[in-house]
Amino acid sequence: MEAGLNPQTVKEQPARPIVLGVENASYSYRKDAAPVFSGLDLSLRAGEFVSLVGGSGVGKSTVLRCLAGLLPLDGGRLHLDVEQVEGSRRRSVVFQDSRLLPWRTVGENIAYGIEGLGLSKGERSDRIDEVLSLVNMLGYRDRWPSDLSGGQSQRVGIARALAVRPKIVLMDEPFSAVDALTRRHLQEELLGIWSERELAVLFVTHDIREATYLSDRVLVMSGSPAMVVHDEPMGRRSRNRIHEDKAQEAAAGRISAAMGGTDGEGI
């Protein structure tokens with residue numbers, strides 16, 4: 001705060017609008033099965049980076065698929081409040097497996113993701129180059145998926161999701177299958193893209209360290225049926241040397257405790 005300013009005269013910034021969420025949501029894999037989650041409340045605001053953590057099998061990926069519209073809720077309400085812009089989709093998904101089609105080149109895989117958007121051939125080509133540049137893969141347009149490393153495949157998967165110019169990106173453990181160094185590079189690239197594109201991101205991970213490093217907030221799912229049992233605000237800060245930040249360590253401890261003492265990878 002600048003010197004001489006009275007704290008009582010400084011107005012707080014208005015809260016950003018909620019763009020995606022669920023209220024009192026429930027879902028079961030079968031009608032005769034116990035619910036995976038019930039009474040679930042979760043929200044994502046414009047431009048916010050939120051991570052969702054929890055034990056294996058708690059339903060994190062299922063929640064993401066419901067938010068993506070890939071699975072229908074059994075009960076409750078899904079809230080999606082993003083303007084539909086011509087030539088784009090409001091939300092997109094990045095999966096743990098990049099799911100590239102092996103019979104299509106990198107460029108053709110991205111083109112597949114933007115089919116049906118009403119773009120001309122030239123516009124599609126420009127869009128492909130644009131997103132490949134974002135993920136530092138511009139020279140790989142004509143490569144085959146079999147020629148790519150795991151990290152490169154994930155970059156193409158992210159590029160394909162960005163090609164539809166979404167305002168919301170839902171990411172399901174996208175870095176879990178790559179080595180630690182590649183994961184760090186991908187995390188840094190993702191933060192740059194998130195900031196540049198002003199995206200709202202929901203990021204599912206089992207790694208508490210990754211969640212606290214990337215996020216504005218970390219949500220913890222636990223229980224059976226599962227609910228969000230903890231909401232840890234991380235705030236916007238410089239992420240340099242964040243692993244040595246004592247406040248970061250304290251937040252990781254609270255998240256771990258909310259998970260029932262599960263350490264999580266990297267803690």
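**Entry 1: the largest cavity**

I began with the lining of the largest cavity, and by class I found nine nonpolar, no polar and no charged residues there. For these classes I count Ala, Val, Leu, Ile, Met, Phe, Trp, Tyr, Cys and Pro as nonpolar, Asp, Glu, Lys and Arg as charged, and the others, Gly among them, as polar. The residues that line this cavity are Val94, Ile158, Leu162, Val169, Met171, Leu190, Ile193, Leu199 and Val201. Helix H4 (150-162), strand E6 (168-172) and helix H5 (180-197) are the elements that give two or more residues to this lining. I noted a volume of about 40 Å³ for the largest cavity.

**Entry 2: what I am looking at**

A note to myself: this is a predicted model, where local features need pLDDT of at least 70 and side-chain atom pairs count only at pLDDT 80 or more, while totals for chains, interfaces and linings use all residues. Residues are numbered from 1 along each chain as its sequence is written, and side-chain values use heavy atoms, with hydrogens and water left out.

**Entry 3: how I looked for space**

Rolling a probe the size of a water molecule over the atoms shows where empty space is left. The search runs on a 1 Å grid over the protein atoms alone: a cavity is a set of points where a 1.4 Å probe fits but cannot get out, a pocket is an open set with protein on both sides within 12 Å along at least five of seven lines, and lining residues have an atom within 4 Å of a point. Grid points are joined across faces, edges and corners, and a volume is the space filled by probe spheres set on the points.

**Entry 4: the second cavity**

How many cavities of 30 Å³ or more does the structure hold? I found two. The second largest cavity holds about 30 Å³ of space. I listed its lining as Glu173, Pro174, Phe175, Ser176, Arg183, Thr205, His206 and Glu210. By class, that makes two nonpolar, three polar and three charged residues.

**Entry 5: the largest pocket**

Next I looked up the largest pocket, which has about 440 Å³ of space. Of the 20 residues lining this pocket, Arg91, Ser92, Val93, Phe95 and Ala161 are the closest to its centre. Strand E5 (91-94), helix H2 (106-113) and H4 each supply at least two lining residues. E5 gives the most, with four residues. The lining divides into nine nonpolar, five polar and six charged residues.

Where does the largest pocket lie? Domain 1 (18-82 + 167-261) and domain 2 (102-165) both give residues to the lining, so the pocket lies between them. The domain bounds come from an automatic or database domain assignment.

**Entry 6: the whole chain**

I then stepped back to the chain, which has seven helices and nine strands. Helices (H or I, at least four residues) and strands (E, at least two) are DSSP runs, numbered from the N terminus. Of the 267 residues in the chain, 48% are buried. Buried means under 20% relative accessible area, exposed over 50%, and partly exposed in between (1.4 Å probe, protein chains only).

I also checked contacts, meaning heavy atoms within 4.5 Å. Among contacts between residues at least 6 apart in sequence, 71% join residues at least 24 apart.

**Entry 7: two glycines**

Gly75 is in strand E4 (residues 75-80). Is Gly75 buried or exposed? Gly75 counts as buried, at 18% relative accessibility. Leaving aside neighbours within four places in sequence, I found Gly75 in contact with Asn24, Ala25 and Ser26.

Gly47 sits in the loop between strand E2 (37-45) and strand E3 (49-54). Gly47 is buried, with a relative accessible area of 17%. Gly47 and Trp194 are 147 residues apart along the chain, and their C-alpha atoms are separated by 7.9 Å.

**Entry 8: backbone angles**

Most residues other than glycine have a negative phi, and most peptide bonds are trans. With that in mind, I looked up the exceptions below.

- Arg99, in the loop between E5 and H2, has a positive phi near 55° and is partly exposed, with a relative accessible area of 46%.
- Glu198, in the loop between H5 and strand E7 (200-204), has a positive phi of about 55° and counts as exposed at 58% relative accessibility.
- Ser224 and Pro225 are joined by a cis peptide bond, with omega about 0°; Pro225 is in the loop between strand E8 (217-222) and strand E9 (227-233).
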